[in-house]
Amino acid sequence: SKSSGKGRITWYDDELDAQRTRKQAIETGIREGLKRGEFDVVYQPIIEARHGTIASVEALVRWPRRPEGELVPDQFIALAESSGLIQALGQFVLRRACQEMGDFPNVRLSVNISPAQFRDVAFESKVADILAETGFPAQRLELEVTEGNLIENPERAIAAVAALKALGVTIALDDFGTGYSSIGYLRRYDFDKIKIDKSLASQVDRDPQAAALVAGTVNIANALGLAVTAEGVETEDHVRLLRLAGCQYLQGYYFSRPKPLHDVLGLPAEKAAV
Ligand code: C2E
Ligand code: CA
Ligand code: CA
Ligand code: CA
């Protein structure tokens, strides 16, 4: 507000106003964009480290048809979370991915879940609804949760994880190695997998401490019966060292960037056979 105060105070006020306006514009854009079909889902393969085959794909949202220009998820997911739109956006991603994956019976699907989605006590039943509606088998779905999903309301998170596992869905702890007390979570939750964040995994070739942390994480995880995926695999050295450390799954630009599903998995089985 220009009339109030003087000098710097006014300048900061205007700056905050501008930020708020931009936030609101993006929130409105997400709401409208969902109606207008501006969002896409792309997929990045997750590779079985020993055999080099595609074990699963991770669904990642994109906003290429935003009229004001594309934003990357890190720029709009947080706003979708704070405005409550993440429920609708998350359901869009899950539904679209389950529909598209129906054509590829041998590959599993991973979908990211925001803390704000967990807050909704109807979340589990919405997942069950989308599985029923699309016919996608729960056993082929993995949901990726972060420390943020667990910190906010541990009781709720424990209930959500248990209910999802009862459906047959598996759960991965994402961004491992970026938080503060992630090891404690491994005892409290019935995870199936840990994903070592790219900020740690991609340092194995240049930082001996990172390499030791990755190897230690794999040992702890395996002792607890959890599989490990390493993210951010970009080079042949990463592949070699992360396999040596015992990571069961590898994911990163070395194998593929996130792409439309058919560019990752080829033609659907029935179409390829024709
Ligand atoms: P994330 O779940 O940790 O996903 C991995 C991110 O790293 C993706 O960025 C992916 O494109 C990128 N990546 C993959 N391989 C490499 C690599 O070798 N090197 C580098 N430098 N990066 C790599 P993206 O797609 O921009 O997504 C960023 C974050 O946004 C995701 O991090 C996730 O937290 C969030 N996100 C994306 N899609 C969704 C979604 O549908 N729902 C929710 N809740 N969050 C999403
Ligand atoms: Ca993820
Ligand atoms: Ca990550
Ligand atoms: Ca993340």
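## Helix packing and calcium sites

Let's start with two helices: α3 passes α5 in a right-handed crossing (right-handed if the near helix is turned clockwise from the far one by less than a right angle, left-handed if anticlockwise). This is a predicted model, in which local features need pLDDT of at least 70, side-chain atom pairs count only at pLDDT 80 or more, and totals for chains, interfaces and linings use all residues. Residues are numbered from 1 along each chain as its sequence is written, chains are lettered from A and ligands numbered from 1 in the order in which they are written, and side-chain values use heavy atoms, with hydrogens and water left out.

The axes of α3 (residues 86-101) and α5 (residues 123-134) come within 9 Å and cross at roughly 30°. That makes α3 roughly parallel to α5 (angles under 35 degrees count as such). On the α3 side, the contact (heavy atoms within 4.5 Å) is made by Q91, L94, R95, C98 and Q99. From α5 come K126, V127, I130, L131, E133 and T134. Sorted by type, the residues of this contact are 5 nonpolar, 3 polar and 3 charged. Helices here are DSSP runs of H or I with at least four residues, and strands are E runs of at least two.

Now for the calcium ions. Donors are N, O and S atoms within 2.8 Å of the metal (3.2 Å for Na, K and Ca), and water is not among the atoms, so sites may look incomplete.

| Ion | Protein donors | Donor distances |
|---|---|---|
| calcium ion (ligand 3) | D175 (OD), D197 (OD), E231 (OE) and E231 (OE) | 2.2 to 2.9 Å |
| calcium ion (ligand 4) | D175 (OD) and D175 (OD) | 2.5 to 3.2 Å |

Along the chain, the donors of ligand 3 follow the spacing D-x21-D-x33-E. D175 sits in strand β5 (residues 170-176) and D197 in the loop between β6 (193-196) and α9 (198-201), so the pair ties together parts that are 22 residues apart in sequence. D175 is partly exposed, at 29% relative accessible area, while D197 is buried, at 9% (buried means under 20%, exposed over 50%, partly exposed in between, with a 1.4 Å probe and protein chains only).

What separates the calcium ion (ligand 3) from the calcium ion (ligand 2)? A gap of 5.4 Å. For the calcium ion (ligand 4), the calcium ion (ligand 2) is 5.3 Å away.

Last stop is V204, in the loop between α9 and α10 (208-223). V204 counts as buried at 10% relative accessibility. Leaving aside neighbours within four places in sequence, V204 is in contact with A210, A211, V214, H238, L241 and L242.

Terms used:
Axes are lines fitted to C-alpha atoms, for helices over the stretch in contact, and angles run from 0 to 180 degrees between N-to-C directions. Angles under 35 degrees count as roughly parallel, over 145 as roughly antiparallel, 65 to 115 as roughly perpendicular and the rest as oblique. Ala, Val, Leu, Ile, Met, Phe, Trp, Tyr, Cys and Pro count as nonpolar, Asp, Glu, Lys and Arg as charged, and the others, Gly among them, as polar.
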